[in-house]
Amino acid sequence: MAGRSPAAKRYAEAVASIASQAGTWDAWLRDLTQVADALAEPVIRAILANPNQTVNISHFLDSRSMRDGLRPETIRLLRVMASKRTLGLLPDAVEWLHELADRARGVRRVEVTSAVPLDASQQRQVQMHLADVGGDPANVALTLQVDPGIIGGLVIREGDHIKDRSVRARLETLRERMA
Amino acid sequence: MAIRSEDIVRSLVDQIEGFDQRERTSNVGSVVEVGDGIARIYGLSQAMSGELLDFGHGTMGMALNLEEDTVGAIILGDYQEIGEGTEVRTTGRIVQVPVGDGLLGRVVSPIGEPLDGKGPIIATEYRPVEVVAPGVIMRQEVRTPLQTGVKSIDTMIPIGRGQRELIIGDRATGKTAIIADTIINQARQKTGVVCIYVAIGQKEAKVSQLVRTLEENGALSNTIIVVAGASASASLQYLAPYAGCAMGEFYRDKGGDAFIAYDDLTKHAWAYRQVSLLLRRPPGREAYPGDVFYCHSRLLERAARLSEEYGGGSLTAFPVIETQLGDLSTYIPTNVISITDGQIFLQGDLFNAGIRPAVNVGLSVSRVGGAAQTRAMRGVAGRLRLDMARFRELAAFAQFGSDLDRATQAQLTRGQRLQELLKQPQYGPMPVEDQVMSIYAGVSGRLDKVDIADVGRYEREVLQFMRSSHPELCDRVLNERQDSTSRLNAGLAQALDQAFDEFEARAWRASS
């Protein structure tokens, strides 16, 4: 979660409002992820850095869209971004869009750090625990990490919110209290 | 108080048994950019304005700008360890400093860390550095004097407890000297006023010299020194006056009296300008941010005299402003002049002419302190102010003409003596009763026949004589209750005249 451009968020929000109305989240995400991956190639990045990019990009869009079968909405978005010379924001915008899509569908991405690997039943327990009352545990997407440094317990991170229930944190708090 | 080992063990057991915090929740973010004492942090969506942030490695910060996805923060302390991607946590606490008697006699940083090598600060209480000033209901008018011990100030520009009096002047005109004298006077007169000296952007050598001076004069034990020196980061310099103010408020709120000097707010404005520009707040006039006025007004509003229901405590503030070539009409000086209850204007010309303290009594005012003067002092000061005003007017003319009429010459003679009388050596604050008697000698015309060079000696000797031969008169001057607004009570004046006559007949030998 490095700093993402706020301008990219505007594009993502615009796409999100179209996607939620039309129910085309998956199509948008698939298309844009594909384009963002393509844009990440060094040659294309060099083209994007070119101040005359509008001309170049138009050609590029025509050829790529024919081959990859992007949807017309996607191409319109790319044309808008190209005309405003903001295509460089696309990778950031895709990241934002993933986040907005998760929020719209009620999916929560949670990073769980434990001292030892969690087995399937333990993971299930964590999901049950994290799901809101009446919420669906399946909507809690876990990313598991193992860090023996926390000694025991769990560190649960969701977005920029951390619940630290590790033994290390308790020891640190105890040390601060007794200092 | 001896501490027994069983007590320590029991306290530890209590702490460990009572320790039942199962989880530590915090909001985290990561540093996007860092430099020059500020950091921009991505995330921290739950951060509060002014919240203390933990950068790890024991480095703390203070959230100032809350933006859509990022937080702009100032770093309090060393930022060498912080890099891009460093994880930052919220602490749930507003920035606080230790307060209380444990700080007396100490030199501390704006976050309350000891700088004097005298061991850790023992603080029982912490207070937030940014608080809202007391409201209308909580205040009462200023009416108790705060004696600075400086004759020209106590007589003509009286300061009351709870007042904000600006000290303004060019560099090296004795601004800090007046503060030092005031602090020393509190210790000598045992007024019980706790003093706080906040050094902002000052040379460390100057601060250490002041600390030594206070120590030599026995005033340090009653004083807290908060230092953000010239080499401290702008963030710490910005925080320093608020931290010092919080330490003063501790005494104000428990019904005591405190005195705080901010030396100086010009450098504070510079530090705030630097921080603001680095945080990308829009610049205004002279590139100061739009809220530089508010930055000073909310600080100085915290100096107040509380009403009796709230303990009746007070915090008196002496902000200092350094001018360039005596120009009072620039941005920051005019701002602070309009915030304060008056100003003491120190002038380089006077300083160089040997009139020290170099107070320009014409341009200096105290808007509320008059009500706080003691009766006897008010009785002599009215006359002094008038005589000095006439003298200043005539002195300008007298430089040209040589043929002056008698009345004019008398006025000039009087003025010269009074000007001589108002000179005072540094670190020599004078008690009120001495000041009253000394000024009385001047305004009653006794000095007119004394040679100018002898005025100082006359003053010294007459005060010595009064102390040894008429101590009852000193008490009477001090405790004068007669309600005479502009003139000294006739009975007291008569008694003083008798004593002066006695002195002149018995002890005074004019040289000539």
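The lining of the second largest pocket divides into nine nonpolar, six polar and 15 charged residues, where Ala, Val, Leu, Ile, Met, Phe, Trp, Tyr, Cys and Pro count as nonpolar, Asp, Glu, Lys and Arg as charged, and the others, Gly among them, as polar. Before going further, some ground rules: this is a predicted model, in which local features need pLDDT of at least 70 and side-chain atom pairs count only at pLDDT 80 or more, while totals for chains, interfaces and linings use all residues. Residues are numbered from 1 along each chain as its sequence is written, chains are lettered from A and ligands numbered from 1 in the order in which they are written, and side-chain values use heavy atoms, with hydrogens and water left out.

Back to that pocket. Its volume is about 1000 Å³, and of the 30 residues lining it, A:Arg4, A:Glu99, A:Glu158, A:Gly159 and A:Asp160 are the closest to its centre. A pocket here is found on a 1 Å grid over the protein atoms alone, as an open set of points with protein on both sides within 12 Å along at least five of seven lines; a cavity is a set of points where a 1.4 Å probe fits but cannot get out, and lining residues have an atom within 4 Å of a point. Grid points are joined across faces, edges and corners, and a volume is the space filled by probe spheres set on the points. Both chains take part: α6 (90-105), β1 (108-114) and β3 (153-158) of chain A, along with β2 (38-43) and β5 (70-76) of chain B, each supply at least two lining residues. The most comes from α6(A), with six residues. Helices (H or I, at least four residues) and strands (E, at least two) are DSSP runs, numbered from the N terminus.

The largest pocket has a volume of about 1600 Å³. It is lined by 44 residues, and A:Glu176, B:Leu52, B:Asp54, B:Met60 and B:Arg93 are the closest to its centre. Chain A brings α8 (167-178) and chain B brings β1 (24-35), β3 (51-54), β6 (87-94) and β7 (96-99), each with at least two residues in the lining. The lining here divides into 15 nonpolar, 16 polar and 13 charged residues.

What about the chains themselves? Chain A has eight helices and four strands, in the order α-α-α-α-α-α-β-α-β-β-β-α along the sequence. Of its 179 residues, 39% count as buried, meaning under 20% relative accessible area, with exposed over 50% and partly exposed in between (1.4 Å probe, protein chains only). In chain A, 66% of the contacts with a separation of 6 or more are between residues 24 or more positions apart, a contact being heavy atoms within 4.5 Å.

Chain B has 15 helices and 16 strands, and its C-alpha trace spans about 85 × 60 × 40 Å along the principal axes. Of the 512 residues of chain B, 54% count as buried. Among its contacts between residues at least 6 apart in sequence, 74% join residues at least 24 apart.

Chain B also has some backbone details to look at. A cis peptide bond joins B:Asp263 and B:Asp264, with omega about -5°; B:Asp264 sits in the loop between β13 (257-263) and α6 (265-278). Another cis peptide bond joins B:Arg356 and B:Pro357, again with omega about -5°, and B:Pro357 lies in the loop between α9 (348-352) and β16 (365-366). B:Arg280 has a positive phi of about 60° in the loop between α6 and α7 (292-300), but B:Arg280 is exposed, with a relative accessible area of 57%.

Finally, the cysteines. Over all chains there are zero disulfides, a disulfide being a pair of cysteine sulfur atoms within 2.5 Å. For B:Cys295, the nearest cysteine sulfur is that of B:Cys245, 12 Å away. B:Cys295 is buried at 0% relative accessible area, and B:Cys474 counts as buried at 3%.
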